[in-house]
Amino acid sequence: MPESKGRDKKAAAYTPPPKSRSAEPNPTWWAPAFVTLLIVGLLWIVVYYVTEYRYPVSALGPWNLGVGFALLMAGFIMTMRWR
């Protein structure tokens, strides 16, 4: 019984799909960077409340909360891309 030549061509022509860029591992600095951002953001907000709104930067006033939450959000966004 003769074998099908179409099946041989298909097996020889197979190439694995290309790896997407999103599957690559993160650089080694990625995890320490987002952990640092999360901790600094949390500490910024805690210091602002504990010092009765005088520190970390008294000139910013209530915008200190914005800075703290921006740091937290940057760290949180980085966690979503971590592999």
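Visitor: In which hand does α2 pass α3 when the two helices cross?

Guide: A crossing is called left-handed if the near helix is turned anticlockwise from the far one by less than a right angle, and right-handed if clockwise; here, in a predicted model, α2 passes α3 in a left-handed crossing. Local features need pLDDT of at least 70, side-chain atom pairs count only at pLDDT 80 or more, and totals for chains, interfaces and linings use all residues. Residues are numbered from 1 along each chain as its sequence is written, and side-chain values use heavy atoms, with hydrogens and water left out.

Visitor: At what angle do the axes of α2 and α3 cross?

Guide: Axes are lines fitted to C-alpha atoms, for helices over the stretch in contact, with angles from 0 to 180 degrees between N-to-C directions. The axes of α2 (residues 30-50) and α3 (residues 63-80) cross at roughly 155° and come within 8 Å, and the two helices are therefore roughly antiparallel, a term for angles over 145 degrees.

Visitor: Which residues of α2 meet α3?

Guide: Contact means heavy atoms within 4.5 Å; among the residues of α2 that meet α3 are W30, F34 and W44, while L65, F69 and M78 are among those on the α3 side. The residues of this contact divide into 19 nonpolar, five polar and no charged, where Ala, Val, Leu, Ile, Met, Phe, Trp, Tyr, Cys and Pro count as nonpolar, Asp, Glu, Lys and Arg as charged, and the others, Gly among them, as polar.

Visitor: Where does N26 lie?

Guide: N26 lies in the loop between α1 (5-12) and α2, and its side chain reaches the backbone oxygen of R81 at 3.3 Å and the backbone nitrogen of R83 at 2.6 Å.

Methods. Helices (H or I, at least four residues) and strands (E, at least two) are DSSP runs, numbered from the N terminus. Angles under 35 degrees count as roughly parallel, over 145 as roughly antiparallel, 65 to 115 as roughly perpendicular and the rest as oblique. A polar contact is a pair of N or O atoms within 3.5 Å; within protein, one must be able to donate a hydrogen and the other to accept it, and residues adjacent in sequence count only if both atoms are side-chain atoms.
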